Amino acid sequence: MPFPLNGTSVLPPPLIGILCYRISHNINLLYGSTREADAFSLLGREIGQIEIYYSATIGEAFKINHGIGTVIGARCRIGDNCTIHQNCTIGDRNGGRPTIGNNVTIYAGAMILGDITIGDDCIIGANSVVTQSYPAGSVIGGTPAKIIKKRYETQTDFNGH
């Protein structure tokens with residue numbers, strides 16, 4: 001319900017987190033002010049319970065469902081039309097950050113870590129630990145993650161998959 005009876009918020013927490021990210025990211029891009037950008041990032045974490053670093057790059061039509069506990073680390077890249085569910089981590093591993101393509105869905109508890117690329121139209125299953133690249137159209141799941149099935153064949157392939 002977007003309008004709670006107690007009047008504490010008129011926006012749902014995931015929207016607050018995304019809004020604070022968009023403001024902080026633009027402050028950093030337009031003015032180069034990391035202090036103010038960091039303040040909005042922290043506001044999103046405190047109110048929305050979602051941590052999105054202002055230096056992450058996130059495309060259009062980004063959606064977080066029930067996002068409490070979700071972390072999107074510094075300098076991670078997420079494409080357009082992506083959906084992330086609660087308690088997901090997208091971030092650093094050995095200094096590398098992931099790139100996630102367009103139209104990707106990431107289910108609850110998944111971790112996507114390191115200098116990897118997730119192709120367009122992928123689905124990442126709940127509680128998966130993804131530490132290597134996967135081609136477009138893959139359904140990925142498990143710990144460690146592997147391709148469960150391919151939604152369609154692609155021209156580009158990563159890591160011999």
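I count two strands as paired if DSSP finds at least two bridges between them, and I take helices (H or I, at least four residues) and strands (E, at least two) as DSSP runs, numbered from the N terminus. I note that this is a predicted model, in which local features need pLDDT of at least 70 and side-chain atom pairs count only at pLDDT 80 or more, while totals for chains, interfaces and linings use all residues. Residues are numbered from 1 along each chain as its sequence is written, and side-chain values use heavy atoms, with hydrogens and water left out.

**Entry 1, the sheet.** I looked up the strand order and found an open sheet of six strands, β3-β6-β9-β12-β14-β15, with mixed pairing. β3 (63–64) and β15 (146–150) are at the edges with a single partner strand each, so one side of each is left without a neighbour in the sheet. I then followed β3 to β6 (residues 83–84), and these two pair in the parallel sense over two bridges, with K63 standing opposite T83.

**Entry 2, strand β14.** I went on to the pairing of β12 (residues 123–124) with β14, which is parallel and has two bridges; here I140 of β14 is the bridge partner of I124. On its pairing with β15, β14 runs antiparallel and is joined by four bridges, and I found K146 of β15 as the bridge partner of G141. The two strands form a hairpin with four residues between them, and G142 in the turn has a positive phi of about 105°. I also checked which way the residues of β14 (138–141) point: S138 and I140 go one way, V139 and G141 the other, and all are buried (under 20% relative accessible area, with exposed over 50% and partly exposed in between, for a 1.4 Å probe and protein chains only). In a regular strand the side chains alternate between the two faces of the sheet.

I looked up S41 in helix α2 (residues 34–48) and found S41 buried, with a relative accessible area of 9%. The side chains of S41 and S24 are joined by a polar contact of 3.4 Å (a pair of N or O atoms within 3.5 Å; within protein, one must be able to donate a hydrogen and the other to accept it, and residues adjacent in sequence count only if both atoms are side-chain atoms). Leaving aside residues up to four places away in sequence, S41 touches S24, I52, Y53 and Y54, where contact means heavy atoms within 4.5 Å. I lastly checked L15, which lies in helix α1 (residues 13–31) and is partly exposed, with a relative accessible area of 41%.
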